[in-house]
Amino acid sequence: MSATLPPDSAVHRRDCVPLVVPPVTLEGHDVRLEPLRMEHAPALAALCEDDIFTWFSSVLRTEADVAAFIDSACQAAERGSERPFVIIERRTGAPVGTTRFLEIQRDHRTLEIGYTWLGRRVWRTRINTECKYLLLRHAFESLGVMRVQFKTDQHNARSRVAIERLGARFEGVLRHHKLVRGGVVRDSAYYSVVDTEWPEVKVRLEGLLADSGVRV
């Protein structure tokens, strides 16, 4: 029995141009995303509290932990698989967390936004929303990506609500996806935004930021 191919009208196509993600600084109203460097370790270590990393792959407690985290991110950046950022609060000029592009698929023009953590002081502020807006806008409008994915622990309700609030679509759960925090089995919930959805998601995010008093 032969397989039936979809008609040409149902096949989506994109130009096969390799994805290149160079270092960049992204400036917003309240935040600035700069390339993550080892010099950021002391300020980031001062933010570390165990409950920040409840759902993280590992717990960062000391400056040595943060330095190892940054070193791993910088090595991945050299390989071209990740592009890490430090999140700077523009009002104070202080680092308040980190985020990054990861799972950069050069041939398929896709990537993930993740490894995001923020100091407790800026939880429930507009900083995370503006970070995601800057990253998504850069990914779709400057880099020309086809798909941006997000993933989080299936049981991390706060993170899942935040991702869904952005307008990302739930795709499903990857069961027994990975081992985290010294052997805990994690099931990961996956979400995504694709290029054809970006205009609608952009309007949504700009509305959220405008409601918070941010001009974009």
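Predicted model: local features only at pLDDT ≥ 70, side-chain atom pairs only at ≥ 80, totals over all residues.
Local features rest on pLDDT of at least 70 and side-chain atom pairs on pLDDT 80 or more, whereas totals for chains, interfaces and linings use all residues. Residues are numbered from 1 along each chain as its sequence is written, and side-chain values use heavy atoms, with hydrogens and water left out.

Strand β7 runs antiparallel to β8 (residues 184-194), to which 8 bridges join it, and G172 stands opposite Y190 in β8.

The largest nonpolar core holds 54 residues, of which F101, L111, W117, V148 and F150 touch the most other members (a core being a set of buried Ala, Val, Leu, Ile, Met, Phe, Trp, Tyr and Cys residues joined through side-chain atoms within 4.5 Å, and buried meaning under 20% relative accessible area with a 1.4 Å probe, protein chains only). Helix α3 (residues 127-143) gives the most to this core, with 9 residues.

The lining of the largest pocket comprises 39 residues, and T116, N128, K132, S159 and A162 are the closest to the pocket centre (a pocket being an open set of points on a 1 Å grid over the protein atoms alone, where a 1.4 Å probe fits, with protein on both sides within 12 Å along at least five of seven lines, and lining residues having an atom within 4 Å of a point). Elements giving two or more residues to this lining are β5 (110-118), α3, β6 (147-153), α4 (157-166) and α5 (198-211).

Conventions. Buried < 20%, exposed > 50% of the residue type's maximum accessible area, 1.4 Å probe, protein only. Helix = DSSP H or I, 4+ residues; strand = E, 2+ residues; numbered from the N terminus. Pairing = 2+ DSSP bridges.
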